[in-house]
Amino acid sequence: MKYVKDDKRQQKRLEKLLRKMAKGPHVAVGVLQDDPVSDGFSMLDLATVHEFGSKDGRIRQRSFIRSTCDAKQKHHLKLMEKLQAKYLSGKMSLKTALEVLGSVVEKNIVQRINRGLKPRLKPGTVKRKKSSKPLIDTGRLKGSITHDVRGI
C-alpha cells in the first residue's frame, strides 16, 4: 500500500517562491540606457522615433520591438511556461529564468532588425547610407538593445 507523506517543506518552499514572484520581478528588454547621441538626442529618443515614427511624418514607423514581440508571442509564451516550470520545481532560480527570457527576446529583436523592416527606405536614403536595410547605419541602435533583470 502506498501513502502520501505530507511534507510541509515543499509547501513552504512553493509559498516562498510565489511571494517572491508577487513582488514584481521582471525583465526589461529594449533600449534601456539613455546616453546622448548628439545635441541632447539620446539613443532612447532614436529608438522611439523609429518604433513609432516621427511626429512630422518624415521618419516612418518601423517597429522593431513591438513587431518582434507580436511575431514571437507564441514562442515567448512557451519559453515562459518552460522557465516557470523549472523555477517552480527548484531547478532554476528566478533571476536565471528571467535572464534566459531576456536574452532570447533581445536576440529576436536584433534578428528582426538584421532581416530588414518595412517600409523600405527611400532611394535617396539608400544612396546616402549605401545600404537598403532600415535601422542599420552605424550599428549603435542595434548594439544598444539589451535586457536587465529588475525587482530581484
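**Basis of the model**

The structure is a predicted model, in which local features require pLDDT of at least 70 and side-chain atom pairs count only at pLDDT 80 or more, whereas totals for chains, interfaces and linings use all residues. Residues are numbered from 1 along each chain as its sequence is written, and side-chain values use heavy atoms, with hydrogens and water left out.

Helices (H or I, at least four residues) and strands (E, at least two) are DSSP runs numbered from the N terminus. Helix H2 spans residues 43-52, and its buried residues include Met43, Ala47, Val49, His50 and Glu51. Here buried means under 20% relative accessible area, exposed means over 50%, and partly exposed lies in between, with a 1.4 Å probe and protein chains only. Gly53 follows H2 and has a positive phi, near 85°. Most residues other than glycine have a negative phi.

Three salt bridges are present in the structure; the term denotes a side-chain nitrogen of Lys or Arg within 4 Å of a carboxyl oxygen of Asp or Glu. They are listed below.

| Salt bridge | N to O distance |
|---|---|
| Glu51 and Arg66 | 2.8 Å |
| Arg58 and Asp56 | 3.8 Å |
| Arg150 and Asp148 | 3.0 Å |

In the salt bridge of Glu51 with Arg66, distant parts of the chain are linked: Glu51 belongs to helix H2 and Arg66 to helix H3 (residues 66-71), 15 residues apart. Glu51 counts as buried because its relative accessibility is 4%, while Arg66, at 33%, counts as partly exposed. Arg58 and Asp56 are both exposed. In the remaining pair, Arg150 is partly exposed at 33% relative accessibility, and Asp148 is partly exposed at 34%.

**The largest pocket**

The largest pocket holds about 560 Å³ of space. Among its 25 lining residues, Leu46, His50, Arg128, Lys129 and Asp137 are the closest to the centre. A pocket is an open set of points on a 1 Å grid over the protein atoms alone, where a 1.4 Å probe fits and protein lies on both sides within 12 Å along at least five of seven lines; lining residues have an atom within 4 Å of a point. The volume is the space filled by probe spheres set on the points, which are joined across faces, edges and corners.

Strand S2 (36-38), H2, helix H6 (123-129) and helix H7 (140-143) each contribute at least two residues to this lining. The lining comprises 10 nonpolar, six polar and nine charged residues. In this classification Ala, Val, Leu, Ile, Met, Phe, Trp, Tyr, Cys and Pro are nonpolar, Asp, Glu, Lys and Arg are charged, and the others, Gly among them, are polar.

His50, a residue of helix H2, is buried at 15% relative accessibility. Not counting residues up to four places away in sequence, His50 touches Ile59, Arg60, Gln61, Arg62, Ser63, Phe64, Leu135 and Leu141; contact means heavy atoms within 4.5 Å.

**Strands S1 and S4**

Strand S1 (residues 26-31) pairs with S4 in the antiparallel sense over six bridges, pairing being assigned if DSSP finds at least two bridges between two strands. Gly30 has Thr146 of S4 as its bridge partner.

**Histidines of helix H4**

His75 lies in helix H4 (residues 73-88), and His76 is also found in helix H4. His75 is partly exposed at 42% relative accessibility, while His76 is buried at 7%. Leaving aside neighbours within four places in sequence, His75 is in contact with Val104 and Asn108, and His76 with Leu101, Val104, Val105 and Asn108.

**Loop residues**

Lys118 and Pro119 are joined by a cis peptide bond, with omega about 5°. Pro119 is placed in the loop between helix H5 (94-115) and H6. Most peptide bonds are trans.

Ile136 lies in the loop between H6 and H7 and is partly exposed at 22% relative accessibility. Beyond its neighbours within four places in sequence, Ile136 is in contact with Ile113, Asn114, Lys129 and Ser131. Ile136 and Asn114 are 22 residues apart along the chain, and their C-alpha atoms are separated by 7.8 Å.
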